[in-house]
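Hi,

Here is the structure I promised to pass on. Have a look at it first, and then read on for my notes.

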Amino acid sequence: ASTGLLEFFDAQEAADAVVTGLRSAGISPASRRHEAASILHLPETYEAWLASLAKKERHETRRKRRRFAEARGEPRLEVVEGSAGIGAFARLHRLAHGDKGGFMDDAMESWFGALQEHAGGRVTVLRDGSGSPVAAAFGFTDETAFYLYNSAYDPAVADVSPGIVMLTLLVQQTIENHQQVFDFLKGDEVYNSVKEDRERLG
């Protein structure tokens, strides 16, 4: 099967690990079961992953990376630890329009902070050529996989597709870290630009 294709799998095991970590820290989380999540099985190189995509998606991925660089400078990822990371992630969330912007209230920001402190969550920020944060991802990592839990971007720069650029850089980084899996955790929130390589839970 193509390494660009997504699959579904039972995500309860990953959720149980997070819940166990929070409980050991004295936090009592409420949980609900997701039926499935989508994952990418990654090849050994980023170029091989690009080659596995449909022709249109491969072209769009390269075009959006190039357009970002031309307009904003070379994009780069940075893991930002502690309250600075959570603050940057929350701020970008609050810039969003509609429900997504309202989602990140003080209680939710504290929740992500607890996940960072007690369950190994981390914030990865996408910066443009000037160093400005334009997108951020919250996820988890282990020896074999990167788990993308949530993300946000600055709508003021939506014309250069910061979310897609960040996603493809995260995939590239995961491959370069010799991890074999990119796990989206929540199958219905995968970016539309990779929809030809995604299955949506009905």
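Is Tyr149 buried, partly exposed or exposed? Tyr149 counts as partly exposed, at 25% relative accessibility; buried here means under 20% relative accessible area, exposed means over 50%, and partly exposed is in between (1.4 Å probe, protein chains only).

Before the rest, some ground rules. This is a predicted model, in which local features need pLDDT of at least 70 and side-chain atom pairs count only at pLDDT 80 or more, while totals for chains, interfaces and linings use all residues. Residues are numbered from 1 along each chain as its sequence is written, and side-chain values use heavy atoms, with hydrogens and water left out.

**Aromatic rings**

The whole structure has eleven aromatic pairs. For a pair, rings of Phe, Tyr and Trp (its six-membered ring) must have their centres within 6.5 Å; planes under 30 degrees apart are stacked, over 60 edge-to-face, and the rest tilted. One of them joins Phe112 and Phe138, edge-to-face, with 5.0 Å from centre to centre and 75 degrees between the planes. Phe112 sits in helix α6 and Phe138 in strand β5, so this pair ties together parts that are 26 residues apart in sequence. (Helices, H or I with at least four residues, and strands, E with at least two, are DSSP runs numbered from the N terminus.) Both Phe112 and Phe138 are buried, Phe138 with a relative accessibility of 0%.

Phe138 also pairs edge-to-face with Tyr149, at 6.3 Å centre to centre and 65 degrees between the planes. Because Phe138 is in strand β5 and Tyr149 in strand β6 (residues 145-153), that pair ties together parts eleven residues apart in sequence. Ring pairs also build a cluster out of Phe89, Phe103, Phe112, Phe138, Phe140 and Tyr149.

**Helix α4**

Phe89 from that cluster turns up again among the buried residues of α4, which are Gly85, Ile86, Ala88, Phe89, Ala90, Leu92 and His93. What do the buried residues of α4 pack against? They have contacts (heavy atoms within 4.5 Å) with β3 (76-80), α5 (98-103), α6, β4, β5 and β6. The helix has 13 residues and spans 19 Å from its first C-alpha to its last, close to the expected 18 Å, where the expected span is 1.5 Å times one less than the number of residues.

**Salt bridges**

Side chains of opposite charge can pair when their charged atoms come close. I count a salt bridge when a side-chain nitrogen of Lys or Arg is within 4 Å of a carboxyl oxygen of Asp or Glu, and the whole structure has seven.

Arg72 and Asp128 form one of them, at 2.6 Å from N to O. This pair links distant parts of the chain, 56 residues apart: Arg72 is in helix α3 (residues 55-72), and Asp128 is in the loop between β4 (122-127) and β5 (133-141). Arg72 is partly exposed at 31%, whereas Asp128 is buried at 2%.

Asp106 is exposed at 61% relative accessibility, and Arg94 is partly exposed at 35%.

Lastly, Arg76 and Glu78 form a salt bridge with their closest N and O atoms 3.7 Å apart. Glu78 is partly exposed at 29%, as is Arg76 at 41%. Together with Arg127, these two residues are linked in a network of salt bridges.

Cheers
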